Amino acid sequence: MTISLHGLTKVFPGGARALDSLDLDIGEGEFFALLGPSGCGKTTLLRSIAGLETPSSGTVSIGGADVTALPPGRRDVAMVFQDYALFPHMDVTANIAYPLRIQKVPRSRREAAAAEVAGRLSLSELLRRRPGQLSGGQQQRVALARAIACRPKVFLFDEPLSNLDARLRLEARTFLKRLQGELGVTTVFVTHDQGEALALAHRVAVMDAGRITQVGAPAEIFHRPATTFVASFIGSTPMNLLPGKVAGDALHVAGAVLPAPPGLPDGEEIVYGVRPEYADLSAAPRDDAFPGTVAVLENLGTSTLVTLEGGGDDGDLLVQVVVPEGEEPPAGTAAWAVPRPGRALIYHGDRLIHPA
Amino acid sequence: MDDLIKYAPALFDGFMENVKLSLMCGVLSLVLGTILVSMRVSPTPVLRAAGTVYVNVVRNTPLTLVLAFSALGLSDTLGLAFSDKPSSNSFWLVVLGLSIYTAAFVCEALRSGINTVPLGQAEAARAIGLTFLQSLRLIILPQAFRAVIAPLGSVMIAMIKNTTVAIAGGYLAESAFVMKDTFDDTGVSIPIFLGLVLAFMAVTLPVGFLTGWLARRLAVAR
């Protein structure tokens, strides 16, 4: 089912504007991520689709039908909560079958449905257990099973992986993506973890202050972040965003003189963005590199994140570079961060102007 | 000791009245307390306010006054009568007064139980399509009850002991009254005192043990 939001606004009593006249269309069968920092309105948006939140204005449509005024139980959506919200006084079967019981499905049919879904999620051995007797990963699968068993038109996941430990989270991520692909049900999920959003979703909406800053496929969001906010938010290491100035066919950025791509506004202040992964470290001075002193080395396993301190004229800029294992510079030495050509992002007035 | 043996049958009959009052009030106060707590957590402001006023007024009024009001106010002045027989009428008036009083404490115990149920439970219930009353009945209260079985036991023990105040409601048959009546004949008798204490402990101790055991057994594992 498609989901269509139009002019959605939510102002909480007290004046906090969680959603600000937001428009969004989510396609049939799409796995869609709402990504943003805490307080950006992503959870409010998900809850508005679920019907747990009544928007102040605007409409929510599911499958072309306006459901803005419908209560959650009549929207044919299933929500998986961050803390799973399994019912602790019921066993796994009862938990999975509960939505069906509310829909007045006969006992034998709903228990069969619960058993079938449980089998699919490798929960068959656990049907008589209570949630308190399950591990975190098992609880998460029960929560998923409860959502799947009632065959909703839309799945809504609120931070579905955040209560799992790091190792399990990666396994669950792969599992979740495969499951969504098999079921083919339109799925919206909320996350504050950019890696999770990029890994799982077909499309990602990056939110900030109740608005959607950018919508696009993960690769597009990663390679062409529309604003410096998106640029700083996406990526497992924060992007270098350095102030600079256009001077003819050159860019003066943090002590480096770089060739300016054509079409930049001459004499204007810009922000030069380059990911630490897209820069190399040089031990010899270069004009087209950011100079600095090696201040911090952070081992990332197969690579090391190097922080250079003191680049630029004002002396307190930090530039980060990811270097391959075995090529770490000694701390305290001078080094130059060379941005790779073609990877630079140039922002003017907080909008991406290059690559255009 | 002779006094205790001599008056034991009369005292025992009186004590059975305490037991009867306790059973009636136990059931009624649990029912009324559950209704009250439903009002106190309801989405309707008027019901919430009514529940709050009830609890704060009743909980802070001495039980003797509640029972006296039940007898003198409700019955004598306002003409509320459960039975033509005076003793039966006053029995039910005491049941009414003590249940109204105890329900306020049951309500507050349950409310603290509801506060132990994570908000997500109510949300999940709503997301599934339960109404407020359904989610309260099927999801919230079952968990809340299990969380407060032990404190409810304390409320029930206090209620059982409070049946000895029935005289304030004009009911002159329970054991504390019989004891005082007996003392008028015999003078104060320590064995009779102790005998009655033991009789109450024979009821209240098991209530305490039972609720403690149930609380552990039915505890909700999250």
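What is the volume of the largest pocket? In this predicted model, the largest pocket has a volume of about 430 Å³. A total of 23 residues line the largest pocket, and those that lie nearest its centre are Gly26(B), Leu30(B), Met156(B), Val207(B) and Thr211(B). Three helices of chain B each supply at least two residues of this lining, namely α1 (2-40), α7 (149-162) and α9 (190-218). Of the elements involved, α1(B) provides the largest share, with 9 residues. Sorted by class, the lining of the largest pocket comprises 17 nonpolar and 6 polar residues, and no charged ones.

The secondary structure of chain B amounts to 9 helices and 0 strands, and the order of elements from the N terminus on reads α-α-α-α-α-α-α-α-α. Taken along the principal axes, a box of roughly 70 × 45 × 25 Å holds the C-alpha atoms of chain B.

Rolling a probe the size of a water molecule over the atoms shows where empty space is left. Over the whole structure, the search returns 1 cavity of 30 Å³ or more, and the space in the largest cavity comes to about 60 Å³. Its lining belongs to chain A and consists of Leu144(A), Ala147(A), Ile148(A), Phe155(A), Phe157(A), Leu176(A), Leu179(A), Gln180(A), Leu183(A) and Thr187(A). Two or more of these residues come from each of α4 (136-149), β7 (154-158) and α5 (166-183) of chain A. The element that gives the most to the cavity lining is α5(A), with 4 residues. By class, the lining of the largest cavity holds 8 nonpolar and 2 polar residues, with no charged residue among them.

Attention now turns to the interface. Here 20 residues of chain A are in contact with 18 residues of chain B. Between them, the two chains bury about 1600 Å², and carbon and sulfur atoms account for 64% of that area. Which residues form the salt bridge between the chains? The rule finds 1 salt bridge across the interface of chain A and chain B, and the partners are Arg47(A) and Glu123(B), whose closest N and O atoms are 2.2 Å apart. Polar contacts between chain A and chain B number 4 residue pairs, counting pairs with both residues at pLDDT 80 or more. On the side of chain A that touches chain B, helix α2 (residues 92-102) of chain A contributes the largest share, 4 residues. That side of chain A is made up of 12 nonpolar, 4 polar and 4 charged residues.

Most residues other than glycine have a negative phi, and most peptide bonds are trans. Ser21(A), a residue other than glycine, has a positive phi, near 45 degrees, and is located in strand β2 (residues 17-26) of chain A. The peptide bond from His354(A) to Pro355(A) is cis, with omega near -5 degrees. Pro355(A) itself sits in the segment after β21 (351-354) of chain A.

Conventions: Residues numbered from 1 in each chain as written. Chains lettered and ligands numbered in written order. Predicted model: local features only at pLDDT ≥ 70, side-chain atom pairs only at ≥ 80, totals over all residues. Heavy atoms only, no water. Contact = heavy atoms within 4.5 Å. Buried area = accessible area lost by both parts, 1.4 Å probe. Salt bridge = Lys/Arg side-chain N within 4 Å of Asp/Glu carboxyl O. Polar contact = N/O pair within 3.5 Å; in protein donor to acceptor, adjacent residues only side chain to side chain. Nonpolar A, V, L, I, M, F, W, Y, C, P; charged D, E, K, R; others polar. 1 Å grid on protein atoms, 1.4 Å probe; cavity = no way out; pocket = protein on both sides within 12 Å on 5 of 7 lines; lining within 4 Å. Points joined across faces, edges and corners; volume = space filled by probe spheres on them.
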